[in-house]
Amino acid sequence: MLHQLNTQQREAVKYLDGPLLVLAGAGSGKTSVITQKIIYLIQQCGYQAREIAAITFTNKAAKEMQERVSQGLDKENSKGLTIATFHSLGMQIMRQEAAHLGYKAQFSILDAADSYKILADILATTDKALLRRLQWQISQWKNAFISPDQASANATEEGLVAAAKLYQRYQQTLKAYQAVDFDDLIKLPVELFEQNREVLNKWQNKLKYLLIDEYQDTNQCQYRLVKLLTGPEARFTAVGDDDQAIYGWRGADVENLNQLTQDYPRLKVIKLEQNYRSTARILKAANHVIANNPKLFEKKLWSEHGIGDVIQISAAQDEEHEAESVVMKLMAHKFENRTQYGDYAILYRGNHQARVLEQHLRNHKIPYTISGGQSFFDKAEIKDIVSYLRLIYNEDDDPAFIRAATTPKKGIGNTTLERLGDYAKQHQLSLFAAAFEGGLQSELGGRQLEDLLTFCRFIQRIQERASKDPAAEVLQQMLEAIQYEAFLYDSEEPRQAEIKWKNVSEFIQWLCRKATDEDGQERDLLSLTQMVALMSMLEDKNDSELDSVKLSTLHAAKGLEYGHVFLVGVEEGILPHRESIEHDKVEEERRLMYVGITRAKKSLNISWCQKRKRAGEVEICEASRFLAEMPADDVRHFGGNATQNQEESKASGKARLAQIKAMLSRTLIPILNS
DNA sequence: CACTCCGGGATTTTT
DNA sequence: TCCCGGAGTG
């Protein structure tokens, strides 16, 4: 296995003398290094699998790594290996050490929507902008380890004082629900480790080697967790690329790369500069563009692949023309090169840019898939079911209680919930616990109380079974008992209901699969439930096998590669985005451009619009400054200032399309008819 | 007064 | 696409 690696990769795998930073350029085989190193540690260095943890940012990355490790390692040897996201590792720590943190082991994990709602409830407001700002502020505080007390002590302006107060109430609410948010999953373990030497030692002894993927995306909190876990010996390999740091806006701190060199003077740095993905021209363009950023570490990608096609830069009249031109070029290219739709990707800065592209792809009957979109777990019907699971898992989870108790309707209305809520608050109880209190009888009518208790007893019955009976069976019976399917058909249009029910069934099937897979050991409903909160994408199965053009934001395309890439809307104001220009964040935008360029293996087509509709007005646009940073020898411009050029290229595109259509009808239609 | 329908506008997104 | 806000209706 090791012989397949190049010198630097092999060095990175074998280096064990101290902390190691691997600067892995785009397409330089960083995942191979991590997976090979895991295998190396186990097979050659006497490490036990359970002493090693590889940490990623997304479930997808974790899954991919898991698969690649198991290709090189038999089951026996990989048993106990941790390949997890930061959040999932944090959850594992918290589950085991919950008592130290004042939590029970079965705590709930709230997603962003849940915490948003809690804030909205506390403030009794619907002001979206305000709530989002506050949510962001609280998250910032958490990442910087500022407690509510410290926050209010430091707050100078009025707004911050109020926000700090809210932060405090928010934390109290979470505790009352026995719930944590995503930030807490990292922050609480860090706090525990800092306060409790014994627990820290335990974990340091347990995890002897750490590998961290996408290190440039870590935030302060995550870095601190790594530092604590790896201890003074600093047995870790961090793999990252400062040129691909594009998540600064959500708290990732590229400075963490720099920080490593300061915190660990003996840090070894290995650069992976050989690229196995793109042609020389594409890499040259990427290098040229990124050279305009100040850099922490000098790095230049090269490849053994040929020079490749010239990079095309086209100026389009407007978005419509751009989309049409992209589609025509794509069709022509596909026809001439006998490629598949799946070899193409169209990348853009903002989600809304996909709309016009979709329209044109549809017009030409080109299959496409849009990456991202709303997550499966954000769908209302899934959240409904999950709320039952959460409540079964942790009956103190009041948000789950409210959702489950009212969906489908079961005679528990707003007044009942309000009175129950008041009572619960007065007696410092969760809604679930309060329902069983004798004192509640005076507050509620007989019928109301009866409905409430029926629901709670129902939950209790499932709770009892959840840890004994097979998960699949309990789930199925629960679904039937709450009559969710009937509820969907009662409250939705038949078509909608059908789709939603299909989603629910898919979710249940997925859960059931999870209940038995991997080591063949049965998982009960309870242990299944705790993982649901951290899973967000299970729609990973069919989308890569489908032969379709991929539409994606630049952010969502990171880590992926495509034969032929169209990069659209490369204008001042879009890429770099206007907001980013105003807030002096152009460097991150340039990295985004860099990520876009380096997704391409064989060809790269960049386009921009000379005019664009914006706020009702037609706006004149300028080509992105990044285009001027491309190497002149390797690009060819189409369209541009001379209108006739544009007409020409449009006309030639149209002629080409007509030609292709004619050919298609000659070649394809007979086949279809036969 | 509340709900629906239509049109316009849009950073980026994971856990 | 999705979300929000304004206008129009029951």
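1. Lysine 383 and aspartate 111 form a side-chain salt bridge, with N and O 3.1 Å apart; a salt bridge here is a side-chain nitrogen of Lys or Arg within 4 Å of a carboxyl oxygen of Asp or Glu. The two partners come from distant parts of the chain, 272 residues apart: lysine 383 sits in helix α17 (residues 380-393), and aspartate 111 in the loop between β4 (108-109) and α6 (112-123). Helices (H or I, at least four residues) and strands (E, at least two) are DSSP runs, numbered from the N terminus. Lysine 383 and aspartate 111 are both buried, that is, under 20% relative accessible area, where exposed means over 50% and partly exposed lies in between (1.4 Å probe, protein chains only).

2. On the basis of the values: this is a predicted model, in which local features need pLDDT of at least 70 and side-chain atom pairs count only at pLDDT 80 or more, while totals for chains, interfaces and linings use all residues. Side-chain values use heavy atoms, with hydrogens and water left out, and residues are numbered from 1 along each chain as its sequence is written.

3. A second salt bridge pairs lysine 227 with aspartate 263, at 3.0 Å from N to O. Because lysine 227 belongs to helix α12 (residues 220-230) and aspartate 263 to helix α13 (residues 255-263), the pair ties together parts 36 residues apart in sequence. Lysine 227 is partly exposed at 33% relative accessibility, and aspartate 263 is partly exposed at 27%.

4. Glutamate 561 and arginine 277 form a further salt bridge, their closest N and O atoms lying 2.8 Å apart. Glutamate 561 is in the loop between α26 (554-557) and β15 (562-567) and arginine 277 in the loop between β9 (274-275) and α14 (280-290), so this pair ties together parts 284 residues apart in sequence. Glutamate 561 is partly exposed, with a relative accessible area of 40%, whereas arginine 277 is buried at 9%.

5. Salt bridges with shared partners join Lys30, Asp213, Glu214, Asp217 and Lys558 into one network. The count of salt bridges comes to 34.

6. Helices α24 (residues 494-516) and α25 (residues 525-532) pack at an angle of about 115°, with axes 10 Å apart; axes are lines fitted to C-alpha atoms over the stretch in contact, and angles run from 0 to 180 degrees between N-to-C directions. Phe507, Leu511, Lys514 and Ala515 of α24 make the contact with Leu528, Met531 and Val532 of α25, contact meaning heavy atoms within 4.5 Å.

Definitions and conventions
Chains are lettered from A and ligands numbered from 1 in the order in which they are written.
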